[in-house]
Amino acid sequence: MAKRENDSFSIEDLMKSFIKENNLSKGMQKIKVEETWFKMMGPGVATHTTSVKLNNKTLIIQLKSSVLREELSYGKEKIIKMMNEELGEEVISKLMLV
């Protein structure tokens, strides 16, 4: 009968190794960026957001409201900085509001 090892691992460590082994980091990053956008911008902006995409360090946000798009365009650099801080790494270098 095989001997059991009593090594314990945290779920976080196991998930990180699983993601790394299966090359899922880019997909997970895209999901995390979308979740972060809705969390940081709140329900007011979330209701007018139709699409959140990450493409080669460019965050593409599709909005229903042209007025909101114009308002957010004034704070692009601040939004990029806040998003990267929340994500814990520099994932976004450019923000496009369409």
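Helices here are DSSP runs of H or I with at least four residues, strands are E runs of at least two, and both are numbered from the N terminus. On that basis the protein chain holds four helices and three strands. The model is predicted. Read from the N terminus, the elements follow the order α-α-β-β-α-α-β. The chain has 98 residues, and 28% of them count as buried. Take the contacts between residues at least 6 apart in sequence: 51% of these join residues at least 24 apart.

**The sheet**

- The three strands form an open sheet in the order β1-β2-β3, and its pairing is mixed.
- β1 (49–55) and β3 (94–97) are the edge strands, each pairing on one side only.
- Neighbouring strands of this sheet are turned against each other by 15 degrees on average, direction ignored.

**β1 with β2**

- β1 and β2 run antiparallel, and six bridges join them.
- The two strands make a hairpin, with two residues between them.
- Asn-56 sits in the turn and has a positive phi of about 50 degrees.
- Lys-53 has Ile-60 in β2 as its bridge partner.

**β2 with β3**

- β2 covers residues 58–63 and runs parallel to β3, with four bridges joining the two.
- Ile-60 stands opposite Met-96 in β3.
- Leu-59 stands opposite Leu-95, again in β3.

**The two faces of β3**

- Side chains alternate along β3.
- Leu-95 and Leu-97 point to one face, and these two are buried.

- Helix α4 spans residues 76–87 and lies across β2 and β3.
- The helix runs at about 120 degrees to β3.
- Ile-79 is a residue of α4.
- Is Ile-79 buried or exposed? Ile-79 counts as buried because its relative accessible area is 8%, and the cut-off for buried is under 20%.
- Which residues does Ile-79 touch, leaving out those up to four places away in sequence? They are Trp-37, Met-41, Leu-72 and Leu-95.
- Ile-79 and Lys-94 lie 15 residues apart in sequence, and their C-alpha atoms are 9.9 Å apart in space.

**The second largest pocket**

- The second largest pocket holds about 190 Å³ of space.
- Its lining consists of Lys-26, Gln-29, Lys-30, Leu-54, Asn-55, Asn-56, Lys-57, Glu-89, Glu-90 and Val-91.
- Two elements, α2 (25–46) and β1, each give two or more residues to this lining.
- Helix α2 supplies the largest share of the lining, three residues.
- By class, the lining of this pocket has five charged, three polar and two nonpolar residues.
- Asn-56 is among the lining residues, and Asn-56 is also the turn residue with the positive phi.

Definitions and conventions:
Residues numbered from 1 in each chain as written. Predicted model: local features only at pLDDT ≥ 70, side-chain atom pairs only at ≥ 80, totals over all residues. Heavy atoms only, no water. Pairing = 2+ DSSP bridges. Axes fitted to C-alpha atoms, helices over the stretch in contact; angles between N-to-C directions. Contact = heavy atoms within 4.5 Å. 1 Å grid on protein atoms, 1.4 Å probe; cavity = no way out; pocket = protein on both sides within 12 Å on 5 of 7 lines; lining within 4 Å. Points joined across faces, edges and corners; volume = space filled by probe spheres on them. Nonpolar A, V, L, I, M, F, W, Y, C, P; charged D, E, K, R; others polar. Buried < 20%, exposed > 50% of the residue type's maximum accessible area, 1.4 Å probe, protein only.
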